[in-house]
Amino acid sequence: MAKKEKLKKELGLFDVFSISTGAMFSSGFFLLPGLASQFTGPSVFVGYLIAGLLILPAMFSMAEISTALPRSGGAYFFLDRSLGPLIGTIGGLGTYLALVFKTAFAIVGIGAYAAFFWDVPVKTIAIAATFAFMGLNLVGAKKTSRLQNFFVVFLLIVLGTFVVEGLYRIFFTEGITMPGANSHFEPFFTNGFEGIITTAGFVFVSYLGLTKIASVAEEIKNPERNIPMGMLLSLVVTASIYVLGVFIMVSLIDPKAFANDLAPAATAAEHLFGWLPGETGTYLMIGAAMAAFASTGNAGLLSSSRYPFAMGRDKLLPRVFSTVGKSGAPVTSILLTTGLVITFILIFSEEGIAKLASTFNLIIFLLINFAVIVFRKSNIESYDPGFKSPLYPWIQWAGILISLVLIIYMGWMAILFSGIIMVLSILWFNYYAKGKVSREGAIFHWFALLGKNQHVELENEFMTILKEKGLRQGDPFDATIIKAKVIVADKQMNFEGLVDHVSGGLAKKLKVDKDMLVTEFNTQGTIDSTLVTPEISVQYARSEDVTEPTLHIVLAKHGILKPVGKGEIKSEDLIKIFFFLVNPAKEFRLQLRMLSRLMDIVERDDFVTKMLQQNNEREIKEYLLHNERFITVKLLRNTVQAEMIRKQLKDIKLPAEVLVALVERDGRSFAPHGYTTMMENDVLTIIGEPKSIKQMFDLYMGAKESTEEK
């Protein structure tokens, strides 16, 4: 991937929670409740609860694929890589337009609530706000998320107070009767089952922000943890406030007025917050609404603009959309998205925007649930999600059925509009993009009868993504390096002799069959093309009898010729560094992560030269481990670390989450145990969490300097 097309990883767990939550708390709470009550009456808050439950399959499916393939473009990228570029084009353009609709809907809400303060046209305020968000997004994702975090914190404080105050007034004061006796709740279901399902489909748009985070997955740090956790926290918090908040609105506002109220939260606030002076409570709710719509508009522009970026990178749209500015933001995509948002604000009504956005997203959720089944059935080893959807595949089939039912209740106009988007997407793919792309989706890896269309590069691309994600917490890469055997090869040895020699040593150590290892090391795999680096060879094997990864490193200063071939073409590569990795057979995805991390290391500048310059086994292993998770300390007299000398390791107080992994003594390296006594001039290699390693670094700066002088 070209450097100008790479996005920065800047977003953490709270950023994920903030973007998802802020994207949901806008129209769904401050604009839609009254409009939605027209379909089902006072039971509208039940519709919100049902909608929150119905989005669970899509959330689980989106979280699984996002942790396996954290790439910009969200649903587009997932559908393209699972069902092929045609479906990817339909999903990408459709989801993009649906997100733009949702963003426009939210920004219209800013104008609606601004009218409480100023006598200005609603759409004028909305357009001005759109330009403001455009400027903010052009600065970069991290700066955008900081404002988003502020909006969400303020919003949660105000809405939490609203819910607590509202429930107290309804159930514990005489000002409002109990809901069962309140005339606002009679009749409860005004249109029966059809009404409540229509309502759930209508307010489904309120939860779309939950999956919006997938479109910025490429910019999230530690996506395997932060994406599913952030989404789940966001859904729990948002659904609770939706259901309770709308229940309070129904209790406080006259049903006829409620059905036509575009600012029901502000109206309800007039009945509450009596303990605040004047109309402070109402203005506080209006301020919260403005923050909510601003956060959704801001997050919507951030996430939707990543769709043209990702599609441009894949040649489904002009390449100009994939360029990134100096701030790390996709400038052209942001400008296009801004223009479309303004267009939709000017053309569509609030209710029309909501239905159109909901319908197409239901179609996308249907396809996303199917995509999880496709990825699982394709058996692509490098598809390695950090989070796996529970109850697979039943929850995916349930999600597909839910989407179909809700689409039917959305009405023919919304379905027709979605059909038009599909037709236009197919025409665009056939007449613009088809000749520019050669890949096929994972579905061709599932069905053997489609095998001729399997796209080999798909596995390589997934392997590249795996490398960018890095190791999973608990993966024993550091321990494997520390325990690795380092061999200096004889310059007269050939490749076959080397493989035989290493396989013999590993077979003896692991108590496995030597011939099996020789065969495994010489077998070419589908991911071999991703392991190619000049002067370096990575050989890998799996065995049922191995319980943990084992690595042998071979240094051949003068090089060993390794035979290579493609078709009828045969040649030899001169290899100076070999890695032989053996993994448990059942842990093939662990093996891929280990190999990916290894390749990330060997791609350092001048790797071969620097490896061959290391003086001993300890230095070789330290160079391979080199990152913020390790430090080297030499035990010298008259230094802070001198207190360790002549103490057993178990008696030495070290910061939490660190481990003395290696000790070098008299030119020999070994892994210590708790009863190992530290001696003067020992060199300790200490690994651990970055925060704890920094403490060690601050404490033993003098020792580090001494080691460097060595």
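Helices H14 (residues 264-271) and H15 (residues 280-304) pack with their axes 8 Å apart and at an angle of about 155 degrees. Helices here are DSSP runs of H or I with at least four residues, strands are runs of E with at least two, and both are numbered from the N terminus. Axes are lines fitted to C-alpha atoms, for helices over the stretch in contact, with angles running from 0 to 180 degrees between N-to-C directions. H14 and H15 are therefore roughly antiparallel to each other; the label applies to angles over 145 degrees, with under 35 as roughly parallel, 65 to 115 as roughly perpendicular and the rest as oblique.

This is a predicted model, so local features need pLDDT of at least 70 and side-chain atom pairs count only at pLDDT 80 or more, while totals for chains, interfaces and linings use all residues. Residues are numbered from 1 along each chain as its sequence is written, and side-chain values use heavy atoms, with hydrogens and water left out.

On the H14 side, Ala265, Ala266, Ala269 and Glu270 meet Gly281, Thr282, Met285 and Ile286 of H15, contact being heavy atoms within 4.5 Å. Sorted by class, this contact has 5 nonpolar, 2 polar and 1 charged residues. In this scheme Ala, Val, Leu, Ile, Met, Phe, Trp, Tyr, Cys and Pro are nonpolar, Asp, Glu, Lys and Arg are charged, and the others, Gly among them, are polar.

Then there is the open sheet, where 4 strands line up in the order S5-S8-S6-S7 with antiparallel pairing. Two strands pair if DSSP finds at least two bridges between them. S5 (630-634) and S7 (668-670) are the edge strands, each pairing on one side only. Neighbouring strands are turned by 25 degrees against each other on average, direction ignored. Inside the sheet, S6 (residues 658-665) and S8 (residues 683-688) pair in the antiparallel sense over 6 bridges, and Val658 stands opposite Gly688 in S8.

Helix H29 (residues 690-699) packs on this sheet, touching S5, S6 and S8, and its direction makes about 150 degrees with that of S8. Met696 sits in H29 and, at 1% relative accessibility, counts as buried. The cut-offs are under 20% relative accessible area for buried, over 50% for exposed and in between for partly exposed (1.4 Å probe, protein chains only). Leaving aside neighbours within four places in sequence, Met696 is in contact with Ile631, Leu654, Pro655, Val658 and Ile686. Of these, Leu654 is 42 residues away in sequence and 8.1 Å away in space, C-alpha to C-alpha.

Phe247, in helix H12 (residues 223-252), is also a buried residue, with a relative accessible area of 10%. Phe247 and Phe45 are 202 residues apart in sequence, yet 5.6 Å apart in space, C-alpha to C-alpha.

Tyr392 and Pro393 are joined by a cis peptide bond, with omega about 0 degrees, and Pro393 lies in the loop between H18 (350-378) and H19 (394-409). Lys315, a residue other than glycine, has a positive phi near 70 degrees. Lys315 belongs to the loop between H16 (306-313) and H17 (331-347) and is partly exposed at 41% relative accessibility. Asp606 likewise has a positive phi, near 55 degrees, in the loop between H26 (588-602) and H27 (607-613), and counts as exposed at 54% relative accessibility.
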